[in-house]
Amino acid sequence: MPYLLVSTQIRMEVGPTMVGDEHSDPSLMSFLGATKRNMLGNHFWEYYVNDAPRIVLNKLESCGYRVVSMTGVGQTLVWCLHKE
């Protein structure tokens with residue numbers, strides 16, 4: 001999986017940070033220390049970590065991921081990363 005979406009809501013300084021969905025690479029999610037959860041009312045699963053986005057992005061860079069783009073959507077920040 002060369003692409004990965006990372007997002008956070010409200011407070012980007014402290015986390016939590018969403019790092020993947022139910023189809024994400026389990027070994028990468030384990031490396032990030034991510035936990036799989038299903039929020040009440042959602043029909044999908046997501047992986048999250050309690051780390052701030054900066055910590056997550058640093059870990060992903062060490063795995064060869066690079067930020068392709070970043071945007072804000074309401075009170076959510078989203079980063080798109082790609083691994084060559």
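I began with the order of elements, which along the sequence runs β-β-α-β-β-α-β-β. I counted two helices and six strands; helices (H or I, at least four residues) and strands (E, at least two) are DSSP runs, numbered from the N terminus. The radius of gyration is 12 Å, close to the 12 Å of the globule rule for 84 residues, so the protein is as compact as a globular protein of that length. That radius is taken over C-alpha atoms, and the rule is 2.2 Å times the number of residues to the power 0.38.

Before going on, I noted that this is a predicted model, where local features need pLDDT of at least 70, side-chain atom pairs count only at pLDDT 80 or more, and totals for chains, interfaces and linings use all residues. Residues are numbered from 1 along each chain as its sequence is written, and side-chain values use heavy atoms, with hydrogens and water left out.

**Burial**

I found that 35% of the 84 residues count as buried. Buried means under 20% relative accessible area, exposed over 50%, and partly exposed in between (1.4 Å probe, protein chains only).

**Helix α2**

Which residues of helix α2 are buried? I listed P53, V56, L57 and L60, within a helix that spans residues 53-62. Seen down the axis of α2, these buried residues fall within an arc of 95 degrees, so they line one face of the helix. The arc is that of the directions from the helix axis to the C-beta atoms. As a reminder to myself, an α-helix has 3.6 residues a turn, so residues three or four places apart point the same way.

On the face of α2 turned away from the buried side I noted the exposed residues R54 and S62. I then looked at what covers the buried residues, and the cover includes β1 (3-9), α1 (26-32) and β5 (65-73); contact here means heavy atoms within 4.5 Å. Just after α2, G64 takes a positive phi of about 100 degrees.

**Strand β5**

I looked up G72, which is found in strand β5. G72 is partly exposed, at a relative accessible area of 48%. Its C-alpha lies 9.7 Å from that of T8, although G72 and T8 are 64 residues apart in sequence.

**Rings and charges**

What sits over the ring of W45? I found the charged end of K36 there, 5.9 Å from the ring centre. R37 lies over the face of Y48, at 4.1 Å from the ring centre. A charge sits over a ring if NZ of Lys or CZ of Arg is within 6 Å of the ring centre and within 35 degrees of the ring normal.
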